[in-house]
Amino acid sequence: MKPLTFRLALILLVVPCSLLAAFTHYPAVKSLLNSFWSMGTIRRPSQFIGIGNYETLLADETFQQVLWNSALYALVTIPAAIALSIGMALLVNAKLPGTALMRLSFFMPTMLPMIAVANIWLFFYAPGIGLASQILSVFGLPPINFLGSSSTSLGSMMVVAIWKESGLFMIFYLAALQAVPTNLKEAARLEGAGSTRIFFDIVLPLLKPTTVFVAVNALINSFRLVDHVIVMTRGGPNNSSSLLLYYIYEVTFRYRDFAYGATLTVFMVLLLGLIALVQFKILDRRTHYQ
């Protein structure tokens, strides 16, 4: 290898590795170390307390509520977004008039920043004057304060996330649908199989590699999205719409408890890693890769 080529290769390798270590690995290790120390003040420096923060974590009722909210949020938004994205991909993959316009319309929410999406849905959910209240009034139903009620706030946030993410997942499924061999579907039609049978017996199994990829990304998104919570509800009312990442943000930057915030961060990273591992183990076994 020529000296110039070797230097160029070394630069291209060292620079991204340095950035990865500085902005990913170092913060992760630092958070783990900080989780074993108490919150320090000017008069009382932080002290090593071992697993004290983790014991506090297990007894934290707010954390338990937030964890339940996050689990419910993920269990609803991930399957719903996957099902909706498959339906949209099937629709835009069909030979219908206006397919290009449909693709653009379905993908448009993905291109919008989450802050803009949250503000759009704030007007939609506005009690009395919002579009949701107007639709209810057509059926003679009273207006509902979707974001101000403990029973509807989390569900309202789920709708926003599903609407925002389905367009992105549709692109992956559309690419996967176009890669399905046509001879398999033609052979099934010759055997007398209908469209529904072809989809469930041929197309859907071939979409499983894409589903594994989408499910893991949807899981990560369900825990990392926090913009719409800040804009729309700030976790209220009574923590009914607070998610784990928002609780970490609140503890760390509002209450300035960096040690407990680090503990919550470590828990979230370990939880995501464990769930992703389980997803790969379960879905990968029944997945056929071409």
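What you're looking at is a predicted model, in which local features need pLDDT of at least 70 and side-chain atom pairs count only at pLDDT 80 or more, while totals for chains, interfaces and linings use all residues. Residues are numbered from 1 along each chain as its sequence is written, and side-chain values use heavy atoms, with hydrogens and water left out.

**Stop 1**

Select Phe139. At 64% relative accessibility, Phe139 counts as exposed. Phe139 sits in the loop between helix H6 (131-138) and helix H7 (153-178); helices here are DSSP runs (H or I, at least four residues), numbered from the N terminus, while strands are runs of E with at least two.

**Stop 2: salt bridges**

How many salt bridges does a search of the whole structure find? The search turns up 2, taking a salt bridge as a side-chain nitrogen of Lys or Arg within 4 Å of a carboxyl oxygen of Asp or Glu.

Pick Asp201 and Arg197 in helix H9 (residues 195-206), where they lie 4 residues apart, about one turn of the helix. Their closest N and O atoms are 2.3 Å apart. Asp201 is partly exposed at 44%, and Arg197 is exposed at 55%.

Next, jump to Glu250 and Arg254, whose side chains meet in a salt bridge at 3.1 Å, N to O. These two are also 4 residues apart, this time in helix H12, so about one helical turn separates them. Is Glu250 buried or exposed? Glu250 is buried, with a relative accessible area of 8%, whereas Arg254 is partly exposed at 44%.

**Stop 3: the rest of H12**

Stay put and highlight residues 244-254. Besides Glu250, the buried residues of H12 are Leu244, Tyr246, Tyr247, Ile248, Val251 and Thr252. Just after H12, check Arg256, which takes a positive phi of about 60 degrees.

**Stop 4: aromatic rings**

Show the rings of Phe, Tyr and Trp (its six-membered ring): they pair if their centres lie within 6.5 Å, and planes under 30 degrees apart count as stacked, over 60 as edge-to-face and the rest as tilted. By this rule there are 12 aromatic pairs. One of them is Trp121 with Tyr125, tilted at 45 degrees between the planes and 5.4 Å centre to centre. Both belong to helix H5 (residues 114-125), 4 residues or about one helical turn apart. Trp121 is buried at 10%, and Tyr125 is buried at 5%.

Tyr246 is buried at 1%, but Tyr249 is partly exposed at 36%.

To finish, select Trp121, Phe124, Tyr125, Phe146 and Trp163, which ring pairs link into a cluster.

Note on methods
Buried < 20%, exposed > 50% of the residue type's maximum accessible area, 1.4 Å probe, protein only.
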